[in-house]
Amino acid sequence: ARRTGKKILKPSRRRPVVHYLCGVYRVSQRRACRTAQIAESTLRYQSIREPRTALRQRIREMAQARVRYGYRKIRVLLQREGWQVGKKLVYRLYREEGLTLRQKPRRRRCVAANHRERVKPTAPNQVWSVDFLADQLADGRRVRALTVVDVFKRESLAIELGQSLKGEDVVRVLSRICTQRGSPKMLFCDNGSEFTSQVMDLWAYRAGVRIDFSRPGKPTDNAYVESFNGTLRAECLDTHWFITLAEARQMVEAWRHEYNESRPHRALRERTPIEFASEFAASRELTGPQTAGDSLCA
């Protein structure tokens, strides 16, 4: 097979071939096994492995509650509950239960020749990223969502829903967050009219915030909030049917708390944004404040 370059099928994939030959062409198992090149003992072998019924049931319950969670995130949730399971075991049971997610094929991307390096934050509350997301209610009314994300700790700071959000609404949401957390040093956003308005520019000047606009036609310049919007759409907007705007706000806010406090993030080594921020604050208390983050916008 190595010389000819042919692909060798595993025994688990040859068994369906034998059953197909026996059912369609009415041949014996011996002849079908000879055709599929599989031993009869392998075909008739019955596994004596422990079924792990309780673990399978718990994996299925988690997958039904969080339909967009893969086996990696489910493994993290199982370990939080005290299950001593490995990655390969959870992956095998996840596939055997038929819970595998359908992945969209990745598009081929050209190498960016003039990609612009953006500022990388070294502490929380240095760089925020904002963007808009569109959806609709059950009666067809359009709804817009303003999302604000802390780039360093991947925390969702706010998700504001409304049928018509303008620059004044963006300033109102950002001012509310600044009252609770303080102003950031830099803001990542695109060239939408809400972000390029005069009221937005006046707010940034008074708050001492630098606005870094994305290049036209380059959504990857604002990749952090774009990734968050994709997660929001897949795990919340596409899995619920909103009747009213009030219901949509309530369910989206509940999902935001789950995203910050419960959902594991691979970029944070399977920790939540709240856990990551707490560990970072504890490390800063031990090592003392660093001046690298203070001179971010100097």
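User: Where does Gln37 lie?
Analyst: Gln37 is in the loop that runs between helix H2 (29–36) and helix H3 (40–44). Helices (H or I, at least four residues) and strands (E, at least two) are DSSP runs, numbered from the N terminus. This is a predicted model, in which local features need pLDDT of at least 70 and side-chain atom pairs count only at pLDDT 80 or more, while totals for chains, interfaces and linings use all residues. Residues are numbered from 1 along each chain as its sequence is written, and side-chain values use heavy atoms, with hydrogens and water left out.

User: Is Gln37 buried or exposed?
Analyst: Buried means under 20% relative accessible area, exposed over 50%, and partly exposed in between (1.4 Å probe, protein chains only). Gln37 has 62% relative accessibility, so Gln37 counts as exposed.

User: What is phi of Gln37 near?
Analyst: Most residues other than glycine have a negative phi. In Gln37, phi is near 60°, a positive value in a residue other than glycine. Asn125 also has a positive phi, near 65°, and is not glycine. Asn125 is placed in the loop between H6 and strand S1 (127–136).

User: Which residues does Thr231 touch, not counting residues up to four places away in sequence?
Analyst: Contact means heavy atoms within 4.5 Å. With residues up to four places away in sequence not counted, Thr231 touches Cys236, Trp255, Tyr259 and Arg263. Thr231 itself is part of helix H9 (residues 223–235). Its relative accessibility is 16%, so Thr231 counts as buried.

User: How far apart are Arg176 and Ala158 in sequence and in space?
Analyst: From C-alpha to C-alpha they are 9.6 Å apart in space, and they are 18 residues apart in sequence. Arg176 is in contact with Ala158 and Glu160, leaving aside its neighbours within four places in sequence. Arg176 belongs to helix H7 (residues 167–181) and is partly exposed, at 37% relative accessibility.

User: How many salt bridges does a search of the whole structure find?
Analyst: Side chains of opposite charge can pair when their charged atoms come close. A salt bridge is a side-chain nitrogen of Lys or Arg within 4 Å of a carboxyl oxygen of Asp or Glu. The search of the whole structure finds 21 salt bridges. One of them joins Glu258 and Arg66, whose closest N and O atoms are 2.9 Å apart. Glu258 lies in helix H10 (residues 245–261) and Arg66 in the loop between helix H4 (53–65) and helix H5 (71–80), so this pair ties together parts that are 192 residues apart in sequence. Glu258 is partly exposed at 26%, and Arg66 is partly exposed at 24%.

User: Which residue forms a salt bridge with Lys153?
Analyst: Glu155 does, with the closest N and O atoms 2.8 Å apart. Both Glu155 and Lys153 are buried. Salt bridges that share partners also join Arg56, Arg60, Arg92, Glu96 and Glu97 into one network.

User: Which residues gather in a patch of positive charge on the surface?
Analyst: A charge patch is made of residues with over 30% relative accessible area and no salt bridge, like charges being joined within 9 Å. Areas come from the Shrake-Rupley method with a 1.4 Å probe. Lys and Arg count as positive, and the charge is placed at NZ of Lys or CZ of Arg. Here the patch gathers Arg72, Lys87, Lys88 and Arg266. Lys87 is in helix H6 (residues 87–96) and is partly exposed, with a relative accessible area of 47%.

Technical notes. Patches are made of residues with over 30% relative accessible area and no salt bridge: like charges are joined within 9 Å, nonpolar side chains (Val, Leu, Ile, Met, Phe, Trp, Tyr) within 5 Å.
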